[in-house]
Amino acid sequence: GEPGTFKDRYYLERTPHVFLEGMLIAAWAVEAEKAFIYMRDEYPAVLAILATEIKALEQAGIVEPGYIDLRRGAGAYICGEESAMIESIEGKRGEPRHRPPFVAQVGIFGRPTLVHNVETLYWVCKINREGPECLNSVEKNGRKGLRSYSVSGRVKNPGVHLLPAGSTITDIIAACGGMLDGHTFKAYQPGGPSSGLLPASMHDVPLDFDTLQPHGTFIGSAAVVVLSDQDSARDAALNMLRFFEDESCGQCTPCRVGCEKAVKLMGEKKWDQGLLEELSAAMVDTSICGLGQAAPNPIRLTIKHFPEEV
């Protein structure tokens, strides 16, 4: 359900066998008794490709029939959270579990479970085939490795771009062929709606793990959205909170009610910054999972970097 699912689709449509090999390597490493693939139902072409590849593996005798269980999800964003995904696979509502116990101890149907995304397993296979150099031979801004950025917004060539892990938003925009004609770079979302917005002035920060936390955000799914001078940061933040309001599973009050209240407050002509900060603190401190804990990021970063708009 993550925004980064677009990257999953990108890899699965082009190299499904690489992902499946990586999954079987991971399953072998932990002596897994069964493997599950969870893919949203909005991607029927990917589901058909996976079904064909799994059948070929079974016919070749590489896996026992039924060892790989392909499950269809209904597209809920919350099912990008690992325990909510497991609940969904078990046939229940996709709601995050309280932790501990963690899914590595008590996961699917009560068994210890290893959860990975498609991109991780793709690299597991690549590294085993080609050696670690295929990933760690690239270094940029002190960061080693490669990262897939799923880029949309006001750029000429949106899509999935494989770049060094230490790439900045300037590098990413350049890889996309630059800004659209008539648009000037204003702001960007570094990693999905939970990451909020950063201003164009922060164009030299590497978009990688641990590099964005000092700035109150994170790389997340590396789903980058580029905004221009023709966009409103305030409207973009409100759009993100409306998304969270819609996608909240409703299990915990801080997220369910907090997102709804935030949308109403952000719809006012002038934001009540004190009340929004109080609401944000409550959501961060008391929400069960990352959706509610990170939902205030667009609010806080817009107030911080675009005060003139609120």
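Q: Which residue is the bridge partner of Val-151 in β9?
A: In this predicted model, Val-151 has Val-224 of β9 as its bridge partner.

Q: What makes β5 and β9 a pair of strands?
A: Pairing requires at least two bridges between the strands.

Q: In what order do the strands of the open sheet stand, and what is the pairing?
A: The open sheet is formed by five strands in the order β6-β5-β9-β7-β8, with mixed pairing.

Q: Why are β6 and β8 called edge strands?
A: Each of β6 and β8 (198-199) pairs on one side only.

Q: How do you know that β1 and β2 pair?
A: At least two bridges are needed, and six join strand β1 (residues 35-40) to strand β2 (residues 68-73), the two running parallel. Arg-40 stands opposite Gly-73 in β2.

Q: Through which helix does the chain cross from β1 to β2, and what is the handedness of the crossover?
A: The path from β1 to β2 leads through helix α3 (residues 44-59), and this β-α-β crossover is right-handed.

Q: Are Cys-79 and Cys-176 buried or exposed?
A: Buried means under 20% relative accessible area. Cys-79 has 5% relative accessibility and therefore counts as buried; Cys-176, at 1%, also counts as buried.

Q: Where does Thr-168 lie, and why is Thr-168 called buried?
A: Thr-168 is in the loop between β6 (159-164) and α7 (169-175). The relative accessible area of Thr-168 is 8%, and the limit for buried is under 20%, so Thr-168 is buried.

Q: With which residues is Thr-168 in contact, leaving aside neighbours within four places in sequence?
A: Thr-168 contacts Asn-141, His-203, Asp-204, Val-205 and Pro-206.

Q: How many cavities of 30 Å³ or more does a search of the whole structure find, and which residues are closest to the centre of the largest?
A: The search finds one such cavity, and the space in the largest cavity is about 80 Å³. The largest cavity is lined by 13 residues, of which Ile-78, Cys-249, Cys-252, Cys-255 and Cys-289 are the closest to its centre.

Methods
Residues are numbered from 1 along each chain as its sequence is written. This is a predicted model: local features need pLDDT of at least 70, side-chain atom pairs count only at pLDDT 80 or more; totals for chains, interfaces and linings use all residues. Side-chain values use heavy atoms; hydrogens and water are left out. Buried means under 20% relative accessible area, exposed over 50%, partly exposed in between (1.4 Å probe, protein chains only). Helices (H or I, at least four residues) and strands (E, at least two) are DSSP runs, numbered from the N terminus. Contact means heavy atoms within 4.5 Å. A crossover is right-handed if, with the strands pointing away from the viewer, the path from the first strand over the helix to the second runs clockwise. On a 1 Å grid over the protein atoms alone, a cavity is a set of points where a 1.4 Å probe fits but cannot get out, and a pocket is an open set with protein on both sides within 12 Å along at least five of seven lines; lining residues have an atom within 4 Å of a point. Grid points are joined across faces, edges and corners, and a volume is the space filled by probe spheres set on the points.
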